[in-house]
Amino acid sequence: MTATAVRRPAAPARRSRPRILAPIAPAALLVLVAVTGPLLAAHPLDKPVTEPYAEAGGAALLGGDQLGRDVLSRLLHGGSALIGNALIVAVTITLLATLLGCFAVLSPRLGRLVERIADTAILLPPVLGIMLLALAWPGGGRLAITVVAIFLGTPYAVRIVAGAAAPLATTGFIEAATASGERIGHLALREILPNLRATVLALFGLRFVDAVYVISMAGFLQLGPQPPEADWALMIRENGAGILLNPWAVVAPGLAIGLLAISVNLAANALAPATARRAALR
């Protein structure tokens, strides 16, 4: 075997720190505000402070909701749970997909099993999966939505990681490690996984954004958090009837969800090389 055959993949070119930090800053700031939101809220979560659907101003900077509660205070209370659940979903899916994908390309039997399960699970639409779980697990709340988001998101992520790892499994340095007697665990975790850092990072960003949408959709359908919890998607649904009286009760949580998804997407795009990003989007 020649020296060229066992050459490891070249590391992606490094980008300057300002070019990386600039797109990350909005996401970091938004997450910080959402996490510390309950400490910044001027009013209690469920205490009416004004008239129902009162206009913005006075004691309520963004007006009142359908019960006269401060929209801004509920907005500050509602972000931490959404971000926390989305983070749990993204981390769990990325971890499971990375491990299964790396091992699947080294074990044909496991690879075929993972591929068949993934192909079957991908056919189940997220909305249908959430509604089925809601029927089977009434009262599951946020935990139920988190479980179904992980279940529905992992198969697609496994296919992405396996697709990125497959070319590495046939390269010379893996053959050399196999010939030297290394076990499959060493090949997967010490040889293949380090070369998938960019793909895993891009995958995490995309899974976080997808989790935000799935959890928000469940909240809008009232399949996740229940009143009087402060949830951005739930706020949109609860205040839809009064959008002409106080638009901020609907627009503010909608903007918060959109800005969270866009800013995290930009941050992941800045951290991951373009080639890995395109591979994760296939």
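Two residues are said to be in contact when heavy atoms of theirs lie within 4.5 Å. With neighbours within four places in sequence left aside, Asp231 is in contact, in that sense, with Gly78, Arg142, Gly219 and Pro225. The model is a predicted one, and what follows should be read as a description of that prediction.

**Overall fold**

The chain has twelve helices and zero strands. Among the contacts between residues at least 6 apart in sequence, 73% join residues at least 24 apart.

**Asp231 in its loop**

Asp231 belongs to the loop between helix H9 (197–220) and H10. Is Asp231 buried or exposed? Because its relative accessible area is 2%, Asp231 is buried. Its side chain is joined to the side chain of Arg142 by a polar contact of 3.5 Å, and a polar atom of the Asp231 side chain also lies 3.1 Å from the backbone nitrogen of Leu234.

**Salt bridges**

Side chains of opposite charge can pair when their charged atoms come close. The structure holds six salt bridges, and the table lists some of them, including two that involve Arg74.

| Salt bridge | Closest N and O atoms |
|---|---|
| Arg74 and Asp65 | 3.6 Å |
| Arg74 and Glu238 | 3.9 Å |
| Asp210 and Arg207 | 3.6 Å |

Which residues are linked to Arg74 in a network of salt bridges? The network is made up of Asp65, Arg69, Arg74 and Glu238. Both Arg74 and Asp65 are buried; for Arg74 this is so because its relative accessibility is 1%. The salt bridge between Arg74 and Glu238 has its closest N and O atoms 3.9 Å apart. Since Arg74 lies in helix H3 (residues 71–104) and Glu238 in helix H10, this pair ties together parts that are 164 residues apart in sequence.

Glu238 itself is placed in helix H10 (residues 232–238), and it counts as buried because its relative accessibility, at 15%, is under the 20% limit. Leaving aside neighbours within four places in sequence, Glu238 is in contact with Tyr53, Gln66, Arg69, Arg74 and Pro227. Phe220 is 18 residues from Glu238 in sequence, and the two are 8.6 Å apart in space, C-alpha to C-alpha.

The salt bridge between Asp210 and Arg207, with its closest N and O atoms 3.6 Å apart, lies within one helix: the two residues are three apart in helix H9, so about one helical turn separates them. Asp210 is partly exposed, with a relative accessible area of 32%, whereas Arg207 counts as buried at 10% relative accessibility.

**A nonpolar patch on the surface**

Leu29, Leu32, Val33, Leu39 and Leu40 form a nonpolar patch on the surface, and together they have about 530 Å² of accessible area. Helix H1 (17–35) and helix H2 (37–40) are the elements that give two or more residues to this patch, and H1 gives the most, with three residues. Leu29, found in helix H1, counts as exposed because its relative accessibility is 54%, a value over the 50% limit.

Technical notes: Residues are numbered from 1 along each chain as its sequence is written. This is a predicted model: local features need pLDDT of at least 70, side-chain atom pairs count only at pLDDT 80 or more; totals for chains, interfaces and linings use all residues. Side-chain values use heavy atoms; hydrogens and water are left out. Helices (H or I, at least four residues) and strands (E, at least two) are DSSP runs, numbered from the N terminus. Buried means under 20% relative accessible area, exposed over 50%, partly exposed in between (1.4 Å probe, protein chains only). Patches are made of residues with over 30% relative accessible area and no salt bridge: like charges are joined within 9 Å, nonpolar side chains (Val, Leu, Ile, Met, Phe, Trp, Tyr) within 5 Å. Accessible areas come from the Shrake-Rupley method with a 1.4 Å probe; for residues, only the protein chains shown count as cover. A salt bridge is a side-chain nitrogen of Lys or Arg within 4 Å of a carboxyl oxygen of Asp or Glu. A polar contact is a pair of N or O atoms within 3.5 Å; within protein, one must be able to donate a hydrogen and the other to accept it, and residues adjacent in sequence count only if both atoms are side-chain atoms.
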